[in-house]
Amino acid sequence: MNALARLLRKLTVLFRRQSFDQDLQEEMTFHQEQAAKEFEAGGIAPEADVDESETLFPRSNLSRDDYEDWKRLNSTLSSLDVYGGTGFLLRTGSLSEPVPAGRVSDGFFRTLGVEPILGRDFRPGEDRPGQPKVAILSYGTWMKRFGGRRDLIGQSISLTGEAYTVVGVLPRSFAFAPRASAELWVPLLDKTGCEKRRSCHNLDGVGRLRNGVTVEAASADMKTIAAQLALQYPGSNKGQSASVLQLSEIVVGKLRPTVVTLLAGAGLLLLIACVNVASLVLLRAESRRRETAVRGALGATPSRLVRQFVTEGLLLASLGCAAGVVLAVVMMSLLARLVPKPMAQGMPFLAVVGLNRHTALFAAGSTLMAAVLLAAAPALRLAFKEIRDGLTDGSKGAASRFWRRLGANLVVVELTVAVVLLAGAGLLAKSFYRLLHVETGIDTSHLATVYIMAPETVYEKPEQQVALYRQVLEKVSALPGVKSAGITSVLPLLCNCDTDWIRIPGKPFHGEHNEVLERDVSPQYLSTLKAKLLRGRMLTEADDANHPQVVILNESMARKYFPGEDPLGKMIGDGDLTPKSMRQVVGVIEDVREGALDDQAWPVEYFSIYHGPDSYFEVAVRTTQNENALLPVLVKTLRDIDPNLGVYGANTMNELMSASRGSLLHRFSTWLVSGFATLALVLGVVGLYGVVTYSVSQRTREIGVRMALGAQRGAIQWLVLKEAGWLTGMGMIAGLACSIATAHLMRSLLFNVHAWDFSTLVAVAAVLGFSALLASLIPARRASSVNPVKALSAE
Amino acid sequence: MPGTLDMLILKTLTRAPLHGYGIAQSIKRVSDDVLTVEEGSLYPALQRLLLQGWVKAEWKKTETNRRARYYTLTAAGRKQLGTEISNFQKMIAAIGQVLEDAQEAV
């Protein structure tokens, strides 16, 4: 029976094949539609930046061991991956070139939702220690260095002397801002140097939230895990918590205040321009009262008249918008070119800045708003009963005074906005000046710098590295004009990075992280920078591997860890005071700013680089001549020592300083806001001039009467100046009040400048007062030259 | 594992009649996103189950008034599910034994 039933069913299927296929087709379509609907409703889950956190660094790097635990234990992320920076010497032909690269876990690109356009992604498990060495290239590198050859996939390239197989090429549009300069990507593979320790924080996490999970929930989840790990591994994880943020926050978060300030400035400028044109349109409407009245009398309906104004407003606004768009296109390409390349790499969104759907929509929107404003002014002014009154000219009714007052009020608004923009520009300029004049503790002029990466395969042992240092210093010092040269692990003014945890024997210690910056430097380095020695001695050539280790502190470190004591002769060690880590303090120098200009000054310890050499190092050269001219010679000299050396980033210290992110952001916002402020001042003052002139023209009769009655010219001028002064004063007071408020809002952009900076506000008031006086002197003179006879007989 | 998809589908249908998409979603949800069933294996499996007579299919309207094919478990299907579950448990037990044995050997 059962078999029979089955046979029957099979036969039905055979005969009704077509209908079966149709059913299946419809079913699959339904399935896909449902899936698509759900996907849209759920949205694509946002990417999150996942990192560790402690008091000093709210967002610090993630250690590899912690990452593996987090990945295993979390329940809020659908995937968690890590990335870190690294660099290789890429051998192309006979030249070794340093290329920045990224080191990532296997699922990094899947988490970001990126698929290679050529070849394949890293396979799961391909990041484990001992796996074969593979690499994925960025599109730019593939095109630039390998001519876009498709057969490159599967071939091997030489990275710092080791063969890596190219397995994929990323899409052209892929840019990962936190590691924007990476030319190629390799899996994590073996635990490098410090990764064997859990306390080695050298990676950053990026994860994708599960559907419906908020960033806060993920943050709470990670913090719970971090707290568990802190209990489990107190030695390395005490005080380590977690930080989860939207990835976009990491990319644009720092820029947001600047962008918002600039947008607000541009908006204010647009407001002034609209107010200005609106009052011009109003004035014209005033003089067209007769025309309007005649049109009305000839049978134009009110709606026909309003349409007339709307058409005119639209025309004005569209012409303005069109001119603005043309100017904007030119300006945008100019501005984008001003951003230095290394910085632009970190801002992939700059590439899409320009005319696109969004900006076109925005421009259309603002045009429409401006048109409405321009049309509304005269249309509202068209009090319809006036159509009749308008025919009888010369009637200076109450309405006319109202509109004159409105014009005056609008000018107060313009002046207020101009003051706000001027004050903003002044504060930014002042803070930019302060930033560039931060006490760096070094003499930045006549200082050339360069980075060197030596192939580890050749310079493997410490003795070889030290020999290379000596050779570099000897050759560079022999160059004409060079006074001295020094080597460091990290040049000053770059970052508060590369830290060390210290402990001082004999002082209470409860496992806290006494975090200080560590710099490994050659004996001549600090004197090359012209750092000032306060106590003790500098490092000498004798501080090498054959002698006990010593350390030089900066003043901040001496003050923080040896308050009220003489640090000379004291010992400093690591958290466990291991004998190998013990160093004696031999000198104290005045603070050299190691971090960026707008960063906090940190405690710093300087070790002799002979005790901890590395194949990567940075060189500073003091010259008596032009340091720019030295750069090419310097690079050539270093390449001559060994063509396998990666020599790059040759730059002058002054250039390093002015090209830093903080100073560039400051410079751009200062320029732009100053530009806005200048335009605003011109528009505001022209507006004032217009209002006062109009007022004088309306009061010609009154002035004539006054003069006929014996008023002096001076008194008439005073009359006009008083009106202008009144308007200016109101604008100034309102503007100063508003600018203190706005400055408070943009205080995160200000460096060492208070929002209520008195001198800036006084300067702004003076500039505005002077310009306003100039603008009102012309109509005042004209008023005082009114001929009373003519004025009285005019009507 | 071969054969387990049929079992999962049958088990899912014990609660209520569902359309194919609903079955896939239900399996995904109940397994905490561990098991995802692709269309490419789900619909052939459903066809197979239909042929065996373990499920019935009929076209009905969904809540959103869209035509969808709903599958219902038949009595034969319920019986089949029982057999498959017991087979599966036997297999799991067997694998467990092999693994334990292997560990002792290590």
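Mentor: Two residues are in contact if their C-beta atoms, placed from the backbone, lie within 7 Å. This is a predicted model: local features need pLDDT of at least 70, side-chain atom pairs count only at pLDDT 80 or more, and totals for chains, interfaces and linings use all residues. Residues are numbered from 1 along each chain as its sequence is written, and chains are lettered from A and ligands numbered from 1 in the order in which they are written.

Trainee: How many residues does the contact take from chain B and from chain A?

Mentor: It takes 9 residues from chain B and 13 residues from chain A. Helix 3 of chain B gives the most to the chain B side, with 3 residues. Helices (H or I, at least four residues) and strands (E, at least two) are DSSP runs, numbered from the N terminus.

Trainee: What makes strand 2 and strand 3 of chain B a pair?

Mentor: Two strands pair if DSSP finds at least two bridges between them. Here 7 bridges join them, and they run antiparallel. One example is B:Ala57, whose bridge partner is B:Tyr71.

Trainee: Why do strand 1 and strand 2 of chain B stand at the edges?

Mentor: The open sheet has 3 strands in the order 1-3-2. Strand 1 (18-19) and strand 2 (55-61) each have a single partner strand, so one side of each lacks a neighbour in the sheet.

Trainee: How do you know that strand 3 of chain A pairs with strand 4 of chain A?

Mentor: The two are joined by 10 bridges, and DSSP needs at least two. They form a hairpin with 2 residues between them. In the turn, A:Gly93 has a positive phi of about 65 degrees.
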